[in-house]
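Please read this note with the model open beside you.

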Amino acid sequence: MNHTLRIVFAGTPEFASAALAAIDRAGFPVALVLTQPDRPAGRGMKLSASPVKQYALARGLPVAQPTSLRREGKYPDEAAAALDLLHATQYDVMVVAAYGLILPREALDMPRHGCINIHASLLPRWRGAAPIHRAIEAGDAETGITLMQMDAGLDTGAMLKSAHVPIGTSDTTATLHDKLAAAGAQLVVDGLAELERNGALPGTPQPEAGATYANKIAKHEAALDWTLPADVLVRKIRAFDPFPAGLGVLEGIALKIWSAESAAYAGDAVPGTIVHADAAGVTIATGNGALRATQLQKPGGKRLPAREFLAGSSLKVGQRFDSAAQG
């Protein structure tokens with residue numbers, strides 16, 4: 001089906017690429033794609049195009065990669081050129097998904113239907129940069145996608161449409177990301193079709209009650225505090241897959257723990273102490289109960305199930321992981 005609603009799309013990672021592909025496949029004309037500049041990636045640190053750029057180039061869509069869109073920022077010349085390009089582009093609405101750059105008021109006000117953001121949470125819960133990680137870490141039973149009319153605030157605009165997605169007990173940020181990317185892609189296509197059909201998408205102001213902020217994940221958060229309860233640590237490990245991975249330091253060696261589950265334990269070992277190790281996993285005492293690590297990784301090694309990891313490891317009962325709480 002061909003549509004007449006003209007789109008400028010702004011996004012960078014895989015989450016955004018899924019939405020761009022859905023919009024393109026649905027037949028909406030994409031007048032311009034904005035994505036972040038190429039970044040060094042991989043062991044060779046070669047410049048790599050974002051997933052959004054890769055899709056756009058493969059489909060012959062025009063791409064711009066400004067460093068900034070803020071005239072008063074560090075890159076005023078690039079920002080001015082990008083804003084001039086937007087002014088010269090004929091489009092009706094901008095769709096934004098994990099773009100990573102701040103859109104100034106000038107950009108927000110350009111399209112006649114404004115800018116619509118695809119946000120990976122049920123707003124107002126988990127505004128901010130890491131809603132998927134934080135939902136899992138907090139133990140939320142569900143999350144979702146919110147289409148939001150962007151304003152000058154941080155994820156504070158009116159809610160246009162939403163879709164609920166349950167969080168499974170084994171979901172990681174990686175698996176939940178893929179579910180939400182698919183849900184967001186479908187929701188934005190439905191929303192754009194409704195906008196084209198009716199000339200507007202009714203919005204509901206966000207309530208302040210229940211608003212939370214999803215801070216960006218920092219590398220230092222990877223260090224596991226073994227004085228915490230086992231179920232809290234299990235959620236952290238799930239939330240930190242694929243980045244930055246739960247980290248346990250054992251006798252000076254940093255081990256990544258990729259998968260874990262709570263384990264029955266009635267002893268009184270100091271938190272962080274290995275109390276059992278077999279093919280099923282490495283069981284570690286915590287502040288409440290025990291955690292069984294079922295997938296681990298040595299520095300420079302691969303992610304391995306516990307059986308294979310232990311075959312090439314000298315881990316033994318009684319060894320104790322450092323705790324983040326101990327410094």
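1. Trp226 is buried, and so is Phe321. Here buried means under 20% relative accessible area, exposed means over 50%, and partly exposed is in between, computed with a 1.4 Å probe on protein chains only. Residues are numbered from 1 along each chain as its sequence is written. The model is predicted, so local features need pLDDT of at least 70 and side-chain atom pairs count only at pLDDT 80 or more, while totals for chains, interfaces and linings use all residues; side-chain values use heavy atoms, with hydrogens and water left out.

2. How many aromatic pairs does a search of the whole structure find? It finds one. The ring centres of Trp226 and Phe321 are 5.3 Å apart and the planes are at 35°, so this pair is tilted. Rings of Phe, Tyr and Trp (its six-membered ring) pair if their centres lie within 6.5 Å; planes under 30 degrees apart are stacked, over 60 edge-to-face, and the rest tilted. Trp226 is in the loop between strand 11 (213-214) and helix 7 (230-239), and Phe321 is in the segment after helix 8 (306-311), so the pair ties together parts 95 residues apart in sequence.

3. For the overall picture, the protein has eight helices and 17 strands. These are DSSP runs numbered from the N terminus: helices are H or I with at least four residues, strands are E with at least two. Of the 327 residues, 49% count as buried. The C-alpha trace spans about 65 × 45 × 40 Å along its principal axes.

4. Two charges sit over rings. The charged end of Lys298 is 5.8 Å from the centre of the Phe309 ring, and Arg303 lies over the face of Trp258 at 4.0 Å from the ring centre. The test is that NZ of Lys or CZ of Arg is within 6 Å of the ring centre and within 35 degrees of the ring normal.

5. The largest pocket holds about 1,500 Å³ of space. It has 39 lining residues, and the closest to its centre are Ala98, Tyr99, Gly100, Gly128 and Ala129. On a 1 Å grid over the protein atoms alone, a pocket is an open set of points where a 1.4 Å probe fits, with protein on both sides within 12 Å along at least five of seven lines; lining residues have an atom within 4 Å of a point. Points are joined across faces, edges and corners, and the volume is the space filled by probe spheres set on them. The lining has 25 nonpolar, 10 polar and four charged residues. Ala, Val, Leu, Ile, Met, Phe, Trp, Tyr, Cys and Pro count as nonpolar, Asp, Glu, Lys and Arg as charged, and the others, Gly among them, as polar.

6. The second largest pocket holds about 160 Å³. Its lining includes Lys298 and Phe309, and divides into five nonpolar, three polar and two charged residues.

7. Helix 6 (173-198) supplies at least two residues of the lining of the largest pocket.

8. Ala280, in the loop between strand 14 (274-278) and strand 15 (281-285), is partly exposed at 46%.
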